[in-house]
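My entries follow in the order I made them.

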Amino acid sequence: MNFDAMFTAQIDALKEDGNYRYFAELERQCGKFPRAANHHNDGVRDVTVWCSNDYLGMGQHPKTISAMCEAVRRTGTGAGGTRNISGTNHDHLLLEEELADLHGKQAALLFTSGYVSNWAALSTLGSRLPNCVILSDSGNHASMIEGIRHSRAQKVIWNHNDVADLEMKLSLLPADVPKIVAFESVYSMDGDICPMREIVEVAEKYGAMTYLDEVHAVGLYGPRGGGVSEREGLADRITLIEGTLGKAYGVVGGYITGSAALCDFIRSFASGFIFTTALPPAVAAAARASIAHLKVSQLERAKQRRQVALLRARLDAAGIPHMMNDSHIIPVMIKDPVKCRMLSDHLMEEWGIYVQPINYPTVPKGTERLRFTPSPLHTDADIEYLIEALTTLWKQCAISRAVA
């Protein structure tokens, strides 16, 4: 059989639908974020990155860089194995202590990514708790969906952020079965924030465990960057808080926090933890420095909030339609995959602005968008230049404007 022909046929179908993903070759330049070098067929050009998940620019913060360099000189580049086989380093334990403190929990457990932490934790909980039922918000991330699927536990989907629907579905379940309510704080594509207090209260009413994904909130919300759960004073009432080191903290890795028994349970049974090489100690050291800094510094968060508000105001003034929400994520709605790709290409080629088009399957068909994430390091001039570019392209591409 000609397998390459089979692969190519499906790739061609993606291209015809406008959903094929082209990757821009970027080279981050230390100390110049959000600037980057874009390597392309005609050479190298400077671009401004507008869609980074390094939300606060901590990937290039002097404290983060210094901690990583010091740890590399002290420990070398790798962990030396899985956590079970020589890979548990002092820097890992220090970071886990930092994370447990961040969320006010007894313990924390590191993973190689936020995807893996969700997949491993949910699959382990669902498979090891007898007759477990997992109630999953319909907007949950692919990593949560895969973890639930892999667990083979009974799954119940509740309507996105719909507490009444969640309660109705909880009420139909037997009182004596373990129940897990899985949801996110900030949803990454629409940027909406869950009604956390109401969800927690309903889960408590029915004796359900709460599993909260805070990956797009840690570092950004709460007085110490503990996420929406910290901001709302709910962290102590949530059973498990999961997060990432690869977004606002500017490094890489994922984690869970909770009781000592819970974290030991996941550590002991999760294949995604047991059988994978540990994070390099230098990564752990850099993440710890970033977290410690953001626990006490309000500067980065305050600057980011200012730039988010400014970009929203300028988009409104220009009539550029964007999805309203209470978070730092600004989706500019295009609603057509071909136009979305075309706008992204024009912004890069003509204006030196990089923003990746968000198409199906990341978002439903008909909701294609450009997703902007202003950072504290985007200047007012950067925002004005972006608005000029979008206004020009809106006219050229005949895209409808927002109605005032």
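**Salt bridges and a buried glutamate**

I began with Arg74, which is partly exposed, with a relative accessible area of 44%. I kept in mind throughout that the model is predicted.

I then looked up the partner of Arg74: a salt bridge joins Arg74 to Asp91, with the closest N and O atoms 3.1 Å apart. Asp91 sits in helix H4 (residues 90-103) and Arg74 in helix H2 (residues 62-75), 17 residues apart. Asp91 counts as buried, because its relative accessibility is 7% and the cut-off for buried is under 20%.

Next I took Asp101, whose side chain meets that of Lys295 in a salt bridge at 2.7 Å, N to O. Asp101 is in helix H4 and Lys295 in helix H12 (residues 281-296), so this pair ties together parts 194 residues apart in sequence. I noted Asp101 as partly exposed, at a relative accessible area of 40%. Lys295 counts as buried at 9% relative accessibility.

Which residues are linked with Asp101 and Lys295 in a network of salt bridges? I found Glu98, Arg224, Glu230 and Arg288 in that network.

I also checked Lys205 and Glu167, which form a salt bridge with the closest N and O atoms 2.6 Å apart. Lys205 lies in helix H8 (residues 196-205) and Glu167 in helix H7 (residues 163-171), so the pair ties together parts 38 residues apart in sequence. Lys205 counts as exposed at 58% relative accessibility, and Glu167 as partly exposed at 23%. A search of the whole structure gave me 20 salt bridges.

I turned to Glu368, in the loop between strand E13 (357-358) and strand E14 (369-372). Glu368 is buried yet has no salt bridge. How far away is the nearest side chain of opposite charge? I read 7.7 Å, to Arg369; a salt bridge needs the nitrogen within 4 Å of a carboxyl oxygen.

What does the side chain of Glu368 reach instead? I found the backbone nitrogen of Asp336 at 3.2 Å and the backbone nitrogen of Gly366 at 3.2 Å. Leaving aside neighbours within four places in sequence, I listed the contacts of Glu368, among them Met333, Lys335, Pro337, Cys340 and Val363.

Last, I looked up the helix pair H5 (residues 114-128) and H10 (residues 260-269), whose axes come within 10 Å and cross at roughly 95°. I therefore recorded H5 as roughly perpendicular to H10. Ala121, Thr124, Leu125 and Arg128 of H5 make the contact with Leu262, Phe265, Ile266 and Phe269 of H10.

Conventions. Residues are numbered from 1 along each chain as its sequence is written. This is a predicted model: local features need pLDDT of at least 70, side-chain atom pairs count only at pLDDT 80 or more; totals for chains, interfaces and linings use all residues. Side-chain values use heavy atoms; hydrogens and water are left out. Helices (H or I, at least four residues) and strands (E, at least two) are DSSP runs, numbered from the N terminus. Buried means under 20% relative accessible area, exposed over 50%, partly exposed in between (1.4 Å probe, protein chains only). Lys and Arg count as positive and Asp and Glu as negative; His and the chain ends are not counted. A polar contact is a pair of N or O atoms within 3.5 Å; within protein, one must be able to donate a hydrogen and the other to accept it, and residues adjacent in sequence count only if both atoms are side-chain atoms. Contact means heavy atoms within 4.5 Å. Axes are lines fitted to C-alpha atoms, for helices over the stretch in contact, and angles run from 0 to 180 degrees between N-to-C directions. Angles under 35 degrees count as roughly parallel, over 145 as roughly antiparallel, 65 to 115 as roughly perpendicular and the rest as oblique.
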